[in-house]
Amino acid sequence: MRRPQSPAANVNAAGVVSSSAARRVAMFLTGLAGLIAFNVIIGVFGLVAAGVGLLAFIVTALFVIARSSRREKQTHG
Amino acid sequence: MAELDPALLARVQFAFTVSFHIIFPTMSIGLVWFLVMVEGLWLKTGDLLYQQMYRFWLNIFAMSFAVGVVTGIVLSFEFGLAFAKFSQLAGPVIGPLIGLEVLTSFFLEAGFLGIMLFGTGRVGPRLHFFATCMVAVGTIFSASWILAANSWMQTPDGVAWQDGHFVVTDWWRVVVNPSWTVRLPHMLLAALLTGAFLVSGVSAWYLLRARETEFARRTLSLGMGSACVLIAVQVFVGDLLYGTMLKHQPAKMQAAEGFWERQSASPAPYLWIIVPDQAQQRNLVQLGMPYLGSIWLRHSLDGRVEGLTNTPVDRQPKMAPVFYSFRTMYVIAMAMFTLAVISLWLRWHGRLYSTRWFLRALVTMAPAGIVATLAGWYTAEIGRQPYVIYGLLRTADALSPVPAATLLLTLVTFVCVYTVFGSAFLIFTLRLIRRGPSGLPGHALPAGSLKRALRPAIGGVREYLASRK
Amino acid sequence: MDLPLLSALFLLFALTLYVVLDGFDLGVGVLLFAQRDQRVRDRMVDAIAPTWDGNETWLIMAGVTLLAGFPLAYSVLLPAFYLPLVAMLLSLGLRGVSFEFRHHSAHWRRRWDAVFGGGSLVAALAQGAIVGGLIQGVRIERETFAGGPTDVFTPFCALTGATVLAGYATLGAGWLRLKGEEATRSFAGAQLRWLALAFLGLTIVTSIAAVNVQPELALTWGRHPVALSLLTLAFASCAVLIAWAARRDDVADGVAFALAMAMILSGMVSLGLAFFPNVIPFKISLWQAASGTASHVFLLIGVGLVTPVVLGYSAFAYSVFRGKTPAEGWEP
């Protein structure tokens, strides 16, 4: 595998993109923050509210998945 | 020759066989439901890629299932071999539960597994799908009954003690005991997550090597998509279970959090590293994140956490294994959740299949579900000690009249034979993965010729159905 | 209604189904050692591959019924037969996984076949030894097993081990005669002739030895002289008939298997007559060892509702794979 020539987005022979360090950290913190938020919500608003929050997360996930597979079908046929 | 302790040997032997065993049903449940999803999609769309996915994962599922079955048979007899006293006392309670497991699940799985593995040429695609579904339903029944039995051991209910025997007074309360209703979904979700990350990890490996691209993209999408929904529910169920066990087995959760003092400081930190000294009832080393203990454990900004000294010393489980098992499981859950969120972000930007560091993370996380499940079970079982039936029967009083030397001999034998099972499974699975779905012989011809089993002549489902008319 | 008796009958039912069904699986496994041609060995394994798992499940059913219905017997007998049971469990395990693993390596297949055969052999011997141990009797003191782990390693138990092995091999050969084509079928026929007679001979020797080892058995003869005489006659006639029919083409392929099943069944009935009403033979009755009524009720309701369904779809599974095992294997 050829090493990327700059830390920014770069495409190598296999068509795989490498991301910048800052973006990685941001993504990681997003995930972690979610879990902390979940527990804070339980403490402040109760288990039901936290459950609703997770439900919202699931609905969002399903929406994102549906949109991306529609786009995938358009580009790949 | 040092004094061999039969109690310790019996526990080690059972712990070893049951740990090895649980890996395989966990994988099997996850994989079989993935197979149901994939075969269902094949029937609906006629897309041959789904058939390829089905055949590839069926091979790995078949091996996992076989190892699960044979190591499971061992367990149904090992109650008597290692813990005869427990069997005599608890038999009337857990015996019928496991009996129903055999009747409603093992026979169901076994009956339809043959058709699933060998019946493609003999039954139509719809009956074959039905067979896959029946095996999958069987795994749910199996988990339900065995979790009922184990949950009864954790939170016993519905029995009375009469003349030195347990007598069941209320079967509903035996089965629907205080912890079963939460532990069952927790275990099922764990198994499904194991499958999701397993298939995602393998797909990520292919994508990193620019191999089997179509197969890998579709599998990864299904795997991580499922994982997003599953981990969200699991986080919720896990929190529910935590509250349940705090109420019914406070000693376990006290050990799991690592505090010794009756009431921790306020606000309480969340401990990550401890070196506990059980004899002195304190931690020699204690490192944690401030405030997070109160937030995560008491759901408030200043709540105090109860320590293990709230439990009398002769009823305390060992803190170190319970603490670290629990932390392991929780960290993996966090990692799964994080990866799920990241997968959604990448999906939104169309970079799910091409972000190299993410794919590498998925490959590392392929066995994550297995590790988390084992860690969770160690928390559950070691945390229940010194009881085998919580509050009612101590493990030390539940043994078999078998000499320590015999136990040692069979322990060594079990380890050797199970190593054969485990190595063969790993070698063949890795070989299948390396060969990839394109190099698939399906279920290899017993005569040894590795013929490609994907017969283009079969085509899609619609053509097949049309040709049968 | 005598619930413990009903549970005991179901226990006997499950055990009998196991012996007959896994009996031919184990028999076929053992016969692998007698077959040099890899292709024929593959056909032999194919003949049992689709249904072995369900067959083996009846063993778990029997064990769990003992645990649920007669926990005292479970807690005494399992430690009593600790070593043969572990040997049986591990060899059944090795046999089970070699079904799956042998496919994945053409190079190592012979070795996996040896594992398959060896596992079947040891399992059969272990089960036979346990039968011998049951006849010998186990030492009990105050509801706990009071003997040692080597009590079961006696010449008599070695004899019963060999007898059960011969019985399973006969049954397995009968199955192959029924399901096999050409090479498999004629191989099975050749084995059947001597196996049936070996099984008969060993059973006669074992029966005589058994009365010496366990004097209580003489009482059984006294209690059921007619039944036991008829069973003995049936057993012997079946053996002779199998030997006669083994290689004949004018006899239907399934006859030898049916006769071998009859032999095994008559053996089970004889043992049942000898042991009844004890669940720990000659010592503890099934009522003494029984758990409380609630346990039997739960179990029997489950059994009553589910067993017909189980038998139904098990029969269906067998019918999907009916007829001769295809020469090219099960690949679509």
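**Exercise 1. Work out what share of chain A is buried and in which order its elements run.**

Solution. Start with burial: a residue is buried if 20 or more other C-beta atoms, placed from the backbone, lie within 10 Å of its own, exposed if 12 or fewer, and partly exposed in between. By that rule, buried residues make up 14% of the 77 residues in chain A. The model is a predicted one, in which local features need pLDDT of at least 70 and side-chain atom pairs count only at pLDDT 80 or more, while totals for chains, interfaces and linings use all residues. Residues are numbered from 1 along each chain as its sequence is written, and chains are lettered from A and ligands numbered from 1 in the order in which they are written.

Next, take the elements, where helices (H or I, at least four residues) and strands (E, at least two) are DSSP runs numbered from the N terminus. Chain A has two helices and two strands, and from the N terminus on they run β-β-α-α.

**Exercise 2. Find which chains share the most contacts, and describe the side of chain B that touches chain C.**

Solution. Two residues are in contact if their C-beta atoms, placed from the backbone, lie within 7 Å. Of the two pairs of chains in contact, chains B and C share the most contacts, whereas no contact joins chain A and chain C, whose closest C-alpha atoms lie 30 Å apart.

Then count the residues: 65 of chain B are in contact with 63 of chain C. On the chain B side, helix 2, helix 3, strand 2 (165-168) and helix 13 (404-435) each supply at least two residues, and the largest share, 22 residues, comes from helix 3. For the classes, Ala, Val, Leu, Ile, Met, Phe, Trp, Tyr, Cys and Pro count as nonpolar, Asp, Glu, Lys and Arg as charged, and the others, Gly among them, as polar. This side of chain B has 40 nonpolar, 22 polar and three charged residues.

**Exercise 3. Determine how helix 2 of chain B and helix 5 of chain C are oriented to each other.**

Solution. Axes are lines fitted to C-alpha atoms, for helices over the stretch in contact, and angles run from 0 to 180 degrees between N-to-C directions. The axes of helix 2 (residues 48-82) of chain B and helix 5 (residues 82-101) of chain C come within 8 Å and cross at roughly 170°. Angles under 35 degrees count as roughly parallel, over 145 as roughly antiparallel, 65 to 115 as roughly perpendicular and the rest as oblique; these two helices are therefore roughly antiparallel. Their contact has 17 nonpolar, three polar and one charged residues.

**Exercise 4. Describe how domain 1 and domain 2 of chain B meet.**

Solution. Helix 10 (residues 319-348) of chain B gives the largest share of the domain 1 side, four residues.
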